[in-house]
Amino acid sequence: MSDQSSPNESPVVIQTEQLTMHYRRCEALRGVDLQIRAGTVFAILGENGAGKTSLIRILTGFQTPTAGTCRVNGLDPLTQGDQVRRLIGYVPDAPPLYGWMTVEQIGSFTASFYWPEYRDRFNQSIAQYKVDPKQKIKYLSKGQRAKVALSLAVSHDPELLILDEPTSGLDPKVRREFLESMIDRAAAGRTVFLSSHQIAEVERVADCVAILHDGVIVMSGSIDEIRSAITRVVVDFDDPHVALPELPPPARVLVDERERTGRRWFVRDFDPEMVDLIRHSPGVLDVRVHPATLEEVFVACTTGNATEVVTS
Ligand SMILES: Nc1ncnc2c1ncn2[C@@H]1O[C@H](COP(=O)(O)OP(=O)(O)OP(=O)(O)O)[C@@H](O)[C@H]1O
C-alpha cells in the first residue's frame with residue numbers, strides 16, 4: 001500500500017461497468033464491474049476459459065467490448081489506446097519475443113520506445129535474474145524467457161503492471177522474489193493486476209481478489225472479506241443415512257461433499273448459531289466450523305451453485 005494514503009482513498013486506476021464480450025460462439029464476459037485503486041495488488045482468479053484474457057485484452061485496448069465501459073486512469077483504452085499503453089507494463093501468458101535477438105538487443109530495441117533510464121533498468125533486472133545478456137532469445141528456457149518478458153514490462157516503471165499468469169515457468173525461489181517485488185511496487189503507489197491460477201501465491205501477495213466464473217464476477221473483495229464469506233462446516237455422524245437439517249436462509253450450501261463418516265459443506269452466509277441446529281440433529285456426533293481457505297472459496301464459487309453467489 002502507498003505510505004501516503006490508504007488504497008481506499010487512492011485514485012481509481014481501473015474501472016469497468018457492465019463490461020460484456022460476446023464472441024461468435026460464446027459469452028466470455030457478462031457484465032463485469034470492477035474498481036481497482038492505485039497502490040493495490042489485484043488478482044483475478046478464474047478457471048480456464050473464464051474470461052480473464054478477454055478482460056485483459058479489453059483493458060489494454062486490443063479488443064473492442066460488445067457492451068459496457070472500461071477506463072484506465074480515466075482513459076478509454078479503445079480511443080486513447082496509445083496513452084493507456086504508455087502507462088502500462090504488460091506480460092501476456094505467452095510473451096511474443098523476437099527469437100533472433102539476444103537478450104541485450106531486445107532490451108536496447110525496447111528502450112528506444114522509452115526514456116534513457118529504461119536500458120539501465122532492463123540490464124539491472126536481467127543481471128538480477130542471472131540471465132545471460134548475450135544469449136539469443138530462441139535458446140532461452142521457458143523460465144528465462146519469462147524473466148526477460150518481466151524485465152521488459154517493468155523497466156519503464158509503469159503505473160499499472162498487467163500480468164497474465166506471471167510466475168508460470170519461474171522456479172520457486174525466483175517466483176518468491178518476483179512476488180515480493182510486486183508488493184514493493186504497490187507500496188510505491190503502483191498498481192499490479194494479475195491473472196493467476198496459483199491461489200496460494202495470490203493469497204500471499206494480493207490485497208484484493210475477484211473470482212471470475214463463466215464471464216461473471218461471482219465474488220470480490222479483500223482476501224479476508226472473501227475468506228469470511230464462506231464457511232467450511234464439517235459434520236461427523238455415525239449413520240451415513242442421517243438426514244441433516246436445511247439451513248435457514250440466507251445461508252446457502254454451495255458445495256456438499258459426502259464422506260464415509262460425515263459431510264463437508266461450504267456455506268455462504270453461515271450463522272454460527274446454526275451450529276446448534278446441526279449438532280442437535282439425530283445421529284450427529286460433532287460439528288466443526290472454519291473459515292474457508294481462498295482455494296476452497298474458489299472451488300465453492302466455481303462449482304455447484306456458483307451462479308447464486310453474489311459479489312460481496
Ligand atoms: N477471439 C476469440 N474468438 C472466439 N472465442 C474466443 C476468442 N477469445 C477467447 N474466446 C473464448 O472466450 C472464452 C474466454 O476465453 P479467455 O481466453 O478470455 O479465458 P481465460 O480465462 O483467459 O482462460 P485461460 O485461463 O485458459 O487462459 C473461452 O471460451 C474462449 O474460447
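Helices here are DSSP runs of H or I with at least four residues, strands are DSSP runs of E with at least two, and both are numbered from the N terminus. With that in hand, Thr60 falls in the loop between α1 and β4. This is a predicted model, and the UniProt record, an unreviewed entry, puts "domain: ABC transporter" at residues 14-239.

**The annotated stretch**
- Over residues 14-239, the chain comes out at 35% helix and 30% strand.

**The three-stranded sheet**
- The sheet is open, has three strands in the order β2-β1-β4, and is paired antiparallel.
- The edges belong to β2 (27-37) and β4 (67-72); each has a single partner strand, so one side of each has no neighbour in the sheet.
- On average, neighbouring strands of this sheet are turned by 15 degrees against each other, ignoring direction.
- Between β1 (residues 12-22) and β4 there are five bridges, with the two strands running antiparallel.
- If you want a spot to look at, Gln15 stands opposite Arg71 in β4.
- Helix α1 (residues 52-59) packs on the sheet and touches β1, β2 and β4.
- The direction of α1 makes about 120 degrees with that of β1.

- Is Thr60 buried or exposed? Thr60 has a relative accessible area of 2%, and the cut-off for buried is under 20%, so Thr60 counts as buried.
- The Thr60 side chain gets to the backbone oxygen of Arg57 at 3.3 Å.
- Leaving aside residues up to four places away in sequence, Thr60 touches Pro77, Arg85, Ile88, Tyr90 and Ile162.

**Aromatic rings**
- There are five aromatic pairs in the structure.
- One of them is Tyr114 with Tyr118, a stacked pair at 4.9 Å centre to centre and 10 degrees between the planes.

Methods:
Residues are numbered from 1 along each chain as its sequence is written. This is a predicted model: local features need pLDDT of at least 70, side-chain atom pairs count only at pLDDT 80 or more; totals for chains, interfaces and linings use all residues. Side-chain values use heavy atoms; hydrogens and water are left out. Two strands pair if DSSP finds at least two bridges between them. Axes are lines fitted to C-alpha atoms, for helices over the stretch in contact, and angles run from 0 to 180 degrees between N-to-C directions. Contact means heavy atoms within 4.5 Å. Buried means under 20% relative accessible area, exposed over 50%, partly exposed in between (1.4 Å probe, protein chains only). A polar contact is a pair of N or O atoms within 3.5 Å; within protein, one must be able to donate a hydrogen and the other to accept it, and residues adjacent in sequence count only if both atoms are side-chain atoms. UniProt positions are given in the numbering used here, feature names are shortened, and annotations may be inferred rather than shown by experiment. Rings of Phe, Tyr and Trp (its six-membered ring) pair if their centres lie within 6.5 Å; planes under 30 degrees apart count as stacked, over 60 as edge-to-face and the rest as tilted.
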